[in-house]
Amino acid sequence: MSSNKKIIEEEVVVGILLNKNGQILIAKRRNNQFMPDYWELPGGKIKVGENKKDSLKRELFEELGVTISKCKLKHTMFHQYPDKFVKLWIYNIEKYSGKPSGKEGQDISWCSLDQLYKYELLPTMREIVHKISLPKHYWITPDDLDSESVIEKCHEHIIAGTKIIQLRSKVPLDHSYIDKVYRLCQNYQASLILNTPKKTYQEICDGWHLTSNELLSLNKRPCDNDKLLGVSTHNALEAEYAENISADYISLSPVNPTPSHYHIPPLGWQTAADIISNSNLPVYLLGGMSEETLDKALSIGAQGVAGISQI
């Protein structure tokens, strides 16, 4: 980029509308707009002197003909385009009236989250989709259980409603064993994420989880976009690097002191909140987390919590 090119800063609000079938509404940008023909969430620029909720209500009425009566902030994020820097406020639309239609001549579509990859989406949409679709907690398998015990525990967690299982091992696992756990997850519409050494990124699973050392050894995303990629991070620099290689979510630890990592100083809630506020990625908190701490994690903007013993 030329040094004399002006960087334009924009503040934008967008809304997440879901129908009763769990489909999300997206709109196609028109030919006269920046990045034409890309698909995005409905919304637009905040006018001078306008508060964010009023801006969202105005934009969605003008674009879709709907009247918002209840909405809640879901996430904030930043994005650097070649010629401008954008900050977005993303809201869940919890209650509205009217039937959405393209009032400004734009195409709109109701689409299931798992079919969004078929559309040419704005760059910011990837992180937003993961914020919508990822659950509020996931379970990590313990290292000290034998394979049958792990499978039994996996089954218990899945039956209880866990949607992501991170199969963790410090040694490579047999492919037939991974396949057994994967089939169990598939039977209950849960996702299997592998956190094992010597990853080939060809294993049968729904995605992979990188250690911080693995993260820092990479200079780009190591797997396809249709798989989930998680990363263990312990500070702001690692969280930023995970975003640079296009990870889908990060875990941040340890927030509180833990017996298993007694030698590592805990981050504390305030530092965790600061890292979350500066990351576009969904962030799961680890270290002394439980279902009781979930509300506190959500209150500082985390996607949720994860752990071994108390999740």
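1. Pairing of β8 with β15. In this predicted model, tyrosine 138 stands opposite alanine 306 of strand β15. The two residues belong to a parallel pairing in which β8 (residues 137–140) and β15 (residues 304–307) are joined over 3 bridges. Within that pairing, histidine 137 has valine 305 of β15 as its bridge partner.

2. The other neighbour of β15. Strand β14 (residues 283–285) also runs parallel to β15, and 2 bridges join the two. Here the bridge partner of tyrosine 284 is glycine 304 in β15. A reader tracing β15 will therefore find β8 paired with it over 3 bridges and β14 over 2 bridges, if the definition of pairing as at least two bridges is applied.

3. Side chains along β15. Which residues of β15 point one way, and which the other? Gly304 and Ala306 point one way, while Val305 and Gly307 point the other way. In a regular strand the side chains alternate between the two faces of the sheet. All four of these β15 residues are buried.

4. Pairing of β8 with β9. Strand β8 is also joined by 2 bridges to β9 (residues 164–168), and these strands run parallel. Tryptophan 139 has isoleucine 165 of β9 as its bridge partner.

5. An open sheet. Strands β3, β2 and β7 form an open sheet of 3 strands, in the order β3-β2-β7 and with antiparallel pairing. Its edge strands are β3 (39–40) and β7 (108–111), each of which pairs on one side only. Strand β2 (residues 24–28) is joined to β7 by 4 bridges, and the two run antiparallel. In this pairing, the bridge partner of isoleucine 24 is cysteine 111 in β7.

6. Serine 253. This residue lies in the loop between β13 (249–252) and α7 (269–277). Is serine 253 buried or exposed? Serine 253 counts as buried because its relative accessible area is 14%, and the cut-off for buried is under 20%. Apart from its neighbours within four places in sequence, serine 253 is in contact with Thr233, His234, Leu267 and Leu286.

7. Aspartate 224. Why does aspartate 224 count as exposed? Its relative accessibility is 56%, and the cut-off for exposed is over 50%. From C-alpha to C-alpha, aspartate 224 and isoleucine 68 are 37 Å apart in space, and they are 156 residues apart in sequence.

8. The chain as a whole. The chain has 8 helices and 15 strands. Its radius of gyration is 21 Å, close to the 19 Å given by the globule rule for 311 residues, so the chain is as compact as a globular protein of that length. Along the principal axes, its C-alpha atoms fill a box of roughly 60 × 45 × 35 Å.

9. Burial and contacts. Of the 311 residues, 47% count as buried. Among contacts between residues at least 6 apart in sequence, 58% join residues at least 24 apart.

10. Surface and charge. The accessible surface of the chain comes to about 16,200 Å², and 49% of it belongs to carbon and sulfur atoms. The chain carries 36 positive and 38 negative charges, whose mean positions are 5 Å apart.

Key: Residues are numbered from 1 along each chain as its sequence is written. This is a predicted model: local features need pLDDT of at least 70, side-chain atom pairs count only at pLDDT 80 or more; totals for chains, interfaces and linings use all residues. Side-chain values use heavy atoms; hydrogens and water are left out. Buried means under 20% relative accessible area, exposed over 50%, partly exposed in between (1.4 Å probe, protein chains only). The radius of gyration is taken over C-alpha atoms; the globule rule is 2.2 Å times the number of residues to the power 0.38. Contact means heavy atoms within 4.5 Å. Accessible areas come from the Shrake-Rupley method with a 1.4 Å probe; for residues, only the protein chains shown count as cover. Lys and Arg count as positive and Asp and Glu as negative; His and the chain ends are not counted. The place of a charge is taken as NZ of Lys, CZ of Arg, CG of Asp or CD of Glu.
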